[in-house]
Every structure is written in C-alpha cells, then in structure tokens.
Amino acid sequence: MYRPRAIAMAIAAVGALLAAAFVPAAANAATTTYEAENATISQGAVNSDHAGFTGTGFVNYDNLTGSYVQWPVSVAVAGSTTLTLRFANGTTTARPMTVAVDGTTVATPSFAGTGAWTTWATTPVSVTLTAGTHTVRATATTANGGPNVDSLTVGDSGGGGGAPSASELLAKLTSCSQISSGKYKTDSETSRTIPVCGLSDAVFWKADMDIDCDGQRTSQCNENTDCCFQADTAFHQSDGKPLNAAVLPYVVVPSPSSTWDYRKFGIAGAGVVAVIYNNQVTYAVVGDTGPTDIIGEASYATASSLGINPDPSNGGTDSGVTYLFFKNSKVTPIESHANAVSTGEALARQFVDNH
C-alpha cells in the first residue's frame, strides 16, 4: 500500500484483466552458471549447512568489509548481458556489495534480507561486455560482510540475443504518447505531473519509487516496520498466500479510475515489468494495486535489487525510475522471480529489436 514518503520519514524521525498468457519467442540467449564454491574466495568459506543451494555449497562471507568472491567468465560475442547473483540473507539488515567487472564497479546492489538463510533470491546486474574472458567480483562494503552467495549466472551477449542494457531500453522510451486521460501524482503532496505512456506492445511511466511492504509478514515488512502495513496484496501466490514484498520484486499499479484503467491496456497481475534505475534493470511482476491518483511504487525487494533504500519508513527515491510493462505477459507462478527474469529478458530483447 502507498504511504506518502514525507509522512513516512516524519514518522521515522519522530519514532526513530484477464490477460492472455504471453509466450515469448524463444530467445537466442544462452546462460552459463558459475558456482560460488568454485570461484576465488577472499575472506570467506564454503558451507553447505543451509538448504536450497545449487552445486555442492555456497560461500559464507566473513563479516568484514572487503571480503569477496571472484569468478572468471567467458563471453563469446560482445554486447549487453545480465549478471545474476543468487544469494540468501537471513538477517534483517541489507548486506550491500559492489559488483565489478575487470576491476571497474558496475553496480552496488543492497542484497536485502530474504527472511531466512534457506530462502534464496536473485539480483540481476546489466552490463556490456567485450568478447573474451573477464573477471566478475562481488565485494562486501560493510563490516557485516556479504550475504551467502550461491552462484553467478551470465547471460549470452550480443547479436540481439542477450538481455538489453538499461541504456538500450531507455533509448526506446524518449518520447511519450499519453494514454491516460490525466496525469498522476508521485506523492499525496505533489501535483499531477506523471502521464502513462503507451506503445503497441508496452506501457511505461517515469516516476519516483515509494516502498510497498504489504503482503506476508516478515522481519522487514510488518506493522512495526511499516506504518501502513497491510497483510494482503491484490494478487496472490499460486498457493493462495499474499506476495512476499521482502523477497519478490513486484510493482504496484494505480487502481482503476477515470484517469486510467490498467486492465484495458493488456496489463494484469503477474505481468512482466522492467524496472530501470541508475543504469540497472531488474525484472519484476505486477503484484499490487495502489491509490487511484498516485503512481510510482514497488516492493521492498525491487528497491533492494536496484540499490535503492528499501526501508518502508524512510526509503525509496524521489525520481529517476522507469517502469516498462510488457502487454499481455504473464509469469507463472507469479512468485517465481527466476521466471520473471527469463521471461522479462526475452521480452525486453524483443521490445528493443522491434522499436
């Protein structure tokens, strides 16, 4: 549920449609997974005491700044690709890491808590690589060290086969053909300045990001951490439970109104969304609905994956976020972020190639 950022920060300061399922054309991209236990490890250990990992184990970072895991990766064709880190963080504190390619930092995701050490999540980082061998290093930036890291998956690059970069997507979204009958506010105290823009196969808007923490109660999202917490989401998991905002990247759409009705434009629960911020792309699903006059909200996990402060009381960002919805798309099951990423990457590549 939306909560005005200004009000949320004040509280923190004082208290401390039935859319047809879309099956994308088969992408040319292949992926290679590199297990963390086979990488170069500095100040960490290979463990296997938390279930759900792949391979023979995972890397448990030492609790200090500078601990890292480094992989040698091979790229056959130059171009854009996605580096996806699979991790678990059983604490309530984010454990940010820099992700560097050949010594140059390309992103600093926050790696928020996943609810348990046995609950694994993924964080994607978009990069452009030349053909050849590269080193990818994930380095802890705080004294807590990094999360437990299971693997690194590298998408195929170039030739129109890999996932497009943030800049490739944004280059296709430079002009707006407004499809909403009016504009939206980014917060309750602001004026209406945000239009909903339409293309033949997509809908997008450029706004801020407020943090949605509704759904399942977790250590990150509950009545104590979020003044406006609601224990439900508009769309539910395959088991009938609400979504888990702390683990699943999802986006909130405005509830239907005279301004705009998302259901009439090929958007439905579990639809695929590319969320773009600070030269990064994360793939999410349509997971909840919000006020009829406000736009720009996503789950705790969405913010975390983009390096945005995910705290529901004082997090989010005031601008710079682009939300790109692929019409008539659907992730099954809705709670599978891995399926959102694979479907999203294929749809994003198709979108870029067609525009």
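Predicted model: local features only at pLDDT ≥ 70, side-chain atom pairs only at ≥ 80, totals over all residues.
At the end formed by strand 8, the contact can be followed residue by residue. Strand 7, which covers residues 97-101, pairs with strand 8 in the antiparallel sense over three bridges. Within this pairing, Val-101 stands opposite Thr-104 of strand 8.

A further set of pairings involves strand 18, residues 317-326. Seven of the ten residues of strand 18 are buried, and the strand is therefore largely enclosed by the rest of the structure. Two of its pairings can be described in turn. Strand 13 (residues 202-212) runs antiparallel to strand 18, and seven bridges hold the pairing. Here Ala-207 has Val-321 of strand 18 as its bridge partner. Strand 15 (residues 272-277) also pairs with strand 18 in the antiparallel sense, over four bridges. In this second pairing, Val-273 stands opposite Phe-325 in strand 18.

Strand 15 deserves a description of its own. Six of its six residues are buried, and the strand is mostly covered. In a regular strand, the side chains alternate between the two faces of the sheet. In strand 15, Val-272, Ala-274 and Ile-276 point one way, while Val-273, Val-275 and Tyr-277 point the other way, and all of these residues are buried. Besides its pairing with strand 18, strand 15 is joined by six bridges to strand 16 (residues 280-290), and these two strands run antiparallel. Val-272 has Val-285 as its bridge partner in strand 16. Strand 15 and strand 16 form a hairpin with two residues between the strands, and Asn-278 takes a positive phi near 55° in this hairpin.

The covalent links between cysteines complete the picture. The structure holds two disulfides. When the bonded cysteines of the protein are numbered in sequence order, the pairing reads 1-2, 3-4. Cys-176 lies in the loop between helix 2 (166-170) and strand 12 (197-198), whereas Cys-197 lies in strand 12, so the pair ties together parts that are 21 residues apart in sequence. How exposed are the two cysteines of this pair? Cys-176 has a relative accessible area of 39% and is partly exposed; Cys-197, at 4%, is buried.

Another disulfide joins Cys-213 to Cys-221, with an S to S distance of 1.8 Å. Its geometry is left-handed, with -65° about the S-S bond. Both Cys-213 and Cys-221 are buried. Cys-227 has 46% relative accessibility and counts as partly exposed, and Cys-228 is partly exposed with a relative accessible area of 22%.

Definitions and conventions: Residues numbered from 1 in each chain as written. Heavy atoms only, no water. Pairing = 2+ DSSP bridges. Buried < 20%, exposed > 50% of the residue type's maximum accessible area, 1.4 Å probe, protein only. Disulfide = S-S within 2.5 Å.
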